[in-house]
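Let's take a walk through a protein together.

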Amino acid sequence: TPTPTPTPTPTPTPTPTPTPTPTTANPCPDDPEIDLCDGVPTPSPTPTPIPTPSPSPVDPEATLVTSFEASLEMNVSEFDEAKFLQATAQASGVNAADVTVDKVSFEVVTSYSFTGSITESQATKAIAKAAGVNEKEVTVAASEARRLASTRRLATIMVATIKASSADQVSELVTKAQDIDSIKQAASDLYLLNLEIAVETAPKTLVKVEISIKAQKGQPAVAKPAAEALVTAVEEVLDTTVEVSITDKVEDPTTTTVQEETTDGAMGYSNSALGFLLLIARCTVLV
């Protein structure tokens with residue numbers, strides 16, 4: 001009888017041992033004896049660049065007007081409106097025909113020290129009476145309070161601005177603004193007694209000019225000139241010395257649409273407006 005062949009026993013496949021995950025040391029252990037952190041700092045994220053906004057498109061039918069006020073500290077007798085307009089155009093890089101002087105006014109600004117009890121309203125009344133002008137033409141603002149070195153009494157510094165009706169009146173107001181005896185008498189008439197009044201800063205004469213600069217049709221607004229550029233142009237054209245400060249008369253340029261006259265004197269209309277008028281005329285004929 002043949003001997004049966006033994007069935008081989010399969011060798012089991014060994015199970016692989018998983019590789020242990022290395023443990024990361026805590027960069028900042030909770031050990032109270034360790035007060036330093038050895039961790040690597042996290043890099044700061046790269047800031048996202050802010051896109052530059054695109055300029056707003058200009059209406060091709062619009063004319064932008066830039067309005068501002070220039071304050072000129074100068075000898076008002078040397079002011080010439082036509083020459084100032086020319087200087088403004090030169091400083092702004094535009095044609096003189098695009099510049100308009102809207103208003104010219106004159107002011108006298110003087111700083112006083114008042115020792116004693118007085119309010120801005122009372123000082124306004126006294127200075128206006130001494131100058132011989134309406135109270136509406138005088139503005140007084142307290143700027144500071146300090147002790148006088150001579151008496152150690154507390155003095156209030158007030159700046160008074162007097163509006164002149166013309167350039168010819170400015171020299172008269174300069175004289176009256178320094179007439180302390182007249183101001184004291186006017187204050188006394190208001191029952192303000194025991195006041196010590198002195199001129200702190202000599203009167204300054206100002207020319208205030210409101211200006212408009214018109215851009216070309218459909219073009220961006222013209223930037224107002226820098227004060228330094230206007231000083232250079234004014235001193236060159238008017239042949240005098242001047243200090244200039246510029247303030248905005250309006251926050252944004254004023255947008256206006258200019259209608260152009262045709263050769264026969266009639267006002268020009270856009271195609272849409274003309275079509276609308278023709279449609280009305282046609283409906284009228286049909287009715």
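This is a predicted model: local features need pLDDT of at least 70, side-chain atom pairs count only at pLDDT 80 or more; totals for chains, interfaces and linings use all residues.

The protein chain has six helices and seven strands. If you trace the chain from the N terminus, the elements come in the order β-α-β-α-β-β-α-α-β-α-β-β-α.

How does the chain fold back on itself? Take the contacts with a separation of 6 or more: 74% of them involve residues 24 or more positions apart. Of the 287 residues in the chain, 30% are buried.

Now head inside. In soluble globular proteins, nonpolar side chains tend to be buried together. Here, the largest nonpolar core has 56 residues, and L72, F84, Y112 and I127 have the most contacts inside it. Zoom in on L72: setting aside neighbours within four places in sequence, you'll find L72 in contact with residues including F79, F84, T205, L206 and V207. V209, V242, E243 and V244 are also among the contacts of L72.

Is A96 buried, partly exposed or exposed? A96 counts as partly exposed because its relative accessibility is 40%, and that label covers values between the 20% limit for buried and the 50% limit for exposed. Beyond residues up to four places away in sequence, A96 touches L85 and A89. Q86 lies 10 residues from A96 in sequence, with 5.7 Å between their C-alpha atoms.

Note on methods
Residues are numbered from 1 along each chain as its sequence is written. Side-chain values use heavy atoms; hydrogens and water are left out. Helices (H or I, at least four residues) and strands (E, at least two) are DSSP runs, numbered from the N terminus. Buried means under 20% relative accessible area, exposed over 50%, partly exposed in between (1.4 Å probe, protein chains only). Contact means heavy atoms within 4.5 Å. A nonpolar core is a set of buried Ala, Val, Leu, Ile, Met, Phe, Trp, Tyr and Cys residues joined through side-chain atoms within 4.5 Å.
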